[in-house]
Amino acid sequence: MESGTLRVQSTGTQSRAALVIGGEDLLRRGLSRSIENLGFETVSAQASRIADHAEKSYDLVIALLQIDSLDGYSVIDSLTRAFTSVPVIAVGPKESRGRVVEKLLGRPLAYLSLPILEPNLKDAVARVLAPALKIE
């Protein structure tokens, strides 16, 4: 399906791919399971490994961000360079929401604060993958 500059490829026989990046290992694994339950194949990686995934194709990135850390800045920098058209769900503290949203504007984006509830995650995925509304 094509929507503006966002290109999301999925078919009934091909599952969608999601990258879960950053944060603590336990949280990444939990989010990966939740995203898999929504029909995605997931890849989970530490923030320091984001460059290893920059050339791969993903339908969605879940970024666990600690904005005041080197890992958080590294993930945001990579998202603004390598993953420019991929929808992002950023996860972090409520206090960081404004700064993260400001840096990642111009793409389908949702921000979730911890703790993440399953219905909120499902709604965020639906929002960022929905076709963009064109106003003429």
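The expected span of a helix is 1.5 Å times one less than its number of residues. The model is predicted. Its chain holds four helices and seven strands. Of the 136 residues in the chain, 40% are buried.

**Overall layout**
- Read from the N terminus, the elements follow the order β-β-β-α-β-β-α-β-α-β-α.
- Five of the strands make an open sheet, ordered 4-3-5-6-7, with parallel pairing.
- Strand 4 (40-45) and strand 7 (109-113) are the edge strands; each has a single partner, so one side of each lacks a neighbour in the sheet.
- On average, neighbouring strands of this sheet are turned by 20 degrees against each other, direction ignored.

**Strand 3 and its partners**
- Strand 3 (residues 16-22) runs parallel to strand 5 (residues 60-64), and five bridges join the two.
- Two of the residue pairings can be named here: Ala18 stands opposite Leu60 of strand 5, and Gly22 has Leu64 as its bridge partner in strand 5.
- Strand 3 also runs parallel to strand 4, with six bridges between them.
- In that pairing, Val20 stands opposite Ser44 of strand 4.
- Strand 3 is mostly covered, with six of its seven residues buried.

**Strand 5**
- Strand 5 is mostly covered too: five of its five residues are buried.
- In a regular strand the side chains alternate between the two faces of the sheet.
- Strand 5 pairs in the parallel sense with strand 6 (residues 88-92) over four bridges.
- Ala63 stands opposite Ala90 in strand 6.

**Helix 1**
- The buried residues of helix 1 are Arg28, Leu31, Ser32, Ser34 and Ile35.
- Viewed down the axis of helix 1, these buried residues fall within an arc of 165 degrees, so they line one face of the helix.
- Leu26, Arg33 and Asn37 are exposed on the other side of helix 1.
- An α-helix has 3.6 residues a turn, so residues three or four places apart point the same way.

**Helix 4**
- Helix 4 (residues 118-129) has twelve residues, which at 1.5 Å a residue should span 16 Å.
- The end C-alpha atoms of helix 4 are 17 Å apart, which agrees.
- Its buried residues are Leu121, Ala124, Val125, Val128 and Leu129.
- Seen down the axis of helix 4, the buried residues fall within an arc of 115 degrees, so they line one face of the helix.
- Exposed residues Pro119, Lys122 and Arg127 sit on the face of helix 4 turned away from its buried side.

**Helix 2 and Ser78**
- Ser78 belongs to helix 2 (residues 70-81).
- Buried means under 20% relative accessible area.
- Ser78 has 16% relative accessibility, so it counts as buried.
- Ser78 and His53 are 25 residues apart along the chain, and their C-alpha atoms are separated by 10.0 Å.

**Rings and charges**
- The charged end of Arg16 sits over the ring of Phe40, 4.2 Å from the ring centre.
- Arg16 falls in strand 3 (residues 16-22), and Phe40 falls in strand 4 (40-45).
- Zero aromatic pairs turn up in a search of the whole structure.

**Backbone detail**
- The peptide bond between Leu114 and Pro115 is cis, with omega about 0 degrees.
- Pro115 is located in the loop between strand 7 and helix 4.

Definitions and conventions:
Residues are numbered from 1 along each chain as its sequence is written. This is a predicted model: local features need pLDDT of at least 70, side-chain atom pairs count only at pLDDT 80 or more; totals for chains, interfaces and linings use all residues. Side-chain values use heavy atoms; hydrogens and water are left out. Buried means under 20% relative accessible area, exposed over 50%, partly exposed in between (1.4 Å probe, protein chains only). The arc is that of the directions from the helix axis to the C-beta atoms. Rings of Phe, Tyr and Trp (its six-membered ring) pair if their centres lie within 6.5 Å; planes under 30 degrees apart count as stacked, over 60 as edge-to-face and the rest as tilted. A charge sits over a ring if NZ of Lys or CZ of Arg is within 6 Å of the ring centre and within 35 degrees of the ring normal. Two strands pair if DSSP finds at least two bridges between them. Axes are lines fitted to C-alpha atoms, for helices over the stretch in contact, and angles run from 0 to 180 degrees between N-to-C directions.
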